[in-house]
Structure formats: structure tokens, C-alpha cells
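Some labels here deserve a check against their definitions. Let us go through them one at a time.

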Amino acid sequence: MIRTRLYRDGKCIEENFDPARISDHLEVGGCVVWLDLEAPSADDLALIAEEFDLNPLAVEDATTERQRPKLDHYDDHVFLSLYDVTFNQDSRELHANELAVFASERYLITVRKTPGYSIDPIVARWDENKQLATHGVGFLLWGLLDVVVDGHFDTVQQLDEQIDALEDLLFEQGDVSNRVQRQSFDLRKALVRIRRVVLPTREVLNALMRRDLRLVDDDLMPYYQDVYDHVLRAADWTDSLRDLVSTIMETNLTIQGNRMNEIMKKVTSWAAIAAVPAVITGYYGMNVRIFPGAGTTAGGWVAIVIMVGVVGVLYAMFRRQDWL
């Protein structure tokens, strides 16, 4: 699927025109072209590369999946690799949609490597801020980055809510240690993945705001600074949540250790109580009868009284020390 847009003098004057007309539009002054490709084949991308004279290294990165978020600067254009992420709260899985972007002063090309990923939120962001379209490609690139970084921020916020729920689960009654351990592992894995996306994106924005690229003018700089602030907050928030998940996992292990200690105290107490009758009955059961009342009913009652008395004393003592 191919989508196109033509901006002239800060206004969108045509949409979804034939890509073969792009070269004609680029010859007209004041025109900016946007071209979007969804999961293109290598041949389709090769044609686009020839049309726009794209660097072969950049084209190779656009066809290779799982690129690191980055910005490469070539002679007359730049190449960006970005990820728009979403979080599934039911499965606690992080989904990353990969984007490759070619940008120059006259055109913006977006390549959606992930099939089914919708570009509509980015187009909507452009339409919501069409008064900025006079800034050309810098405006289009800002709208794209703003949506991507907002996705990072929203995802981190959802992870924060999941961790809050996990903290409440940590101290619930019953055996929830396995659930806590599993959810902690899933959330930590999601945080590691989003951190790999957010931190390099910060460097991408930092590089775009350099004056020598000439893609971002002074009027757009506050908008890019706002996006940069969001990605900084998302990065810091991610690091804080990773530490918090590690703390939850350690706390869960500590709680399990404390519960085990409580169980061991009770088992030890009952074992001590059970040992008293065993010792007394064993002593009275000796063949050598050197104790008072041996072989008589009175001797049996004496043994029973001693067992009950000692067991009662041990039980009261363990209860007083909160072992039972």
C-alpha cells in the first residue's frame, strides 16, 4: 500500500496521487512530498531509491529488520530508524512497530516495516497542526516523532500502572508468590525492551536538533524541544520502573523467606512437643524397671501426667514467644 501527499507553500493540495508524478512535483519550487510504503519488497524500494537517489547503505537498513533506533547523515538526506511501541495489558507483551524514514529538505519517505501498522495517527497529528506546515519537512518529521514518542510515554505509563497493581498483589493473603514472580519477570522484560527503544530515540532527537542538518528551523525548535523533553522523561521513568521491579522481586523473595521461617518455627515447635511423649514412653518402656510404679496402673498414670504437663508447658511457652 502506497500513500502520498503534496504540500505547496504550507498547504496540502493533493493526496494519494500517482508516485510516478513525484519527480515532476519536486521540480516545482515550494513543494514538499510525502511518500509512505507499507512492507515494500526489495524491488519496490530499489525503484524508490533510484527515483530519490537514496544512499544504498540507507536503503539496505530500510530493508533489514530490527535495526537500532538511529540517525544516519548522508550527502543530501538523512535516514532514521524508529519504533512505535504498544503494550498489551492482558498478555503483558510489548509490541514494537518498526519505521524507516528518509528525509531531505523536499521530501519525507516513511517505510512501515511492520505489516498492519497504521500511519493514520501520524497523518492526524499533521492535520491537527496544519498551521505549521509552512515549515516543510521539519513539520512532517516533528509530527511523526511526536506520535512515536507519545507512544513511548503512554507505554511507560501503562507499565507503571501494572507495577502499582503488582505492588498491591505482593501483600495479598494467600500464596501469590508465583504470580508476583511471573508478572515481575514479564514487566521487567517489557521495560528492558522499551529502554532499548527510548534511549537511542533520545540520541536521534538530539542529532536532529543540530543546526547543521537544516531540517529544523528556529520556529520549530521549541516543538522538537518538547518532544525531546518527553523522551527524556520516558527514559528516566523507565529506569525508575526497572529499579522498582527489581525491588518488588527482592521483596517477594524476602516475604517468601519470612514465611518459610514462620513455618520452620511452627514445625520445630511441634516437633519439640511431639518429642516429649516419645521420650517418656520410651523411658517407661525399658525392660529394666528401676522407676517408681513400674508395671502398675499408677505408674502408667504418672507417665501420662508427666507427658501432659510437659507438653502443656512447652505449648504455653511457644505460644508466648509467637512460635505457634
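**Labels and their cut-offs**

Q: Why is Thr238 called buried?
A: Thr238 has 0% relative accessibility. Buried means under 20% relative accessible area, exposed over 50%, partly exposed in between (1.4 Å probe, protein chains only). Thr238 therefore counts as buried. This is a predicted model: local features need pLDDT of at least 70, side-chain atom pairs count only at pLDDT 80 or more, and totals for chains, interfaces and linings use all residues. Residues are numbered from 1 along each chain as its sequence is written, and side-chain values use heavy atoms, with hydrogens and water left out.

Q: What does Thr238 touch, not counting residues up to four places away in sequence?
A: Val156, Leu191, Ile194 and Arg195. Contact means heavy atoms within 4.5 Å. Thr238 itself lies in helix α7 (residues 221-284); helices (H or I, at least four residues) and strands (E, at least two) are DSSP runs, numbered from the N terminus.

Q: Which residues of helix α3 (residues 56-63) are buried?
A: Ala58, Val59, Asp61 and Ala62.

Q: What puts them on the same side of α3?
A: They cover an arc of only 160 degrees around the axis, so they share one side of α3. The arc is that of the directions from the helix axis to the C-beta atoms. On the other side, Pro56 and Leu57 are exposed.

Q: How do you know that β4 and β5 pair?
A: Two strands pair if DSSP finds at least two bridges between them. β4 and β5 have four, in the antiparallel sense. Leu71 stands opposite Leu80 in β5.
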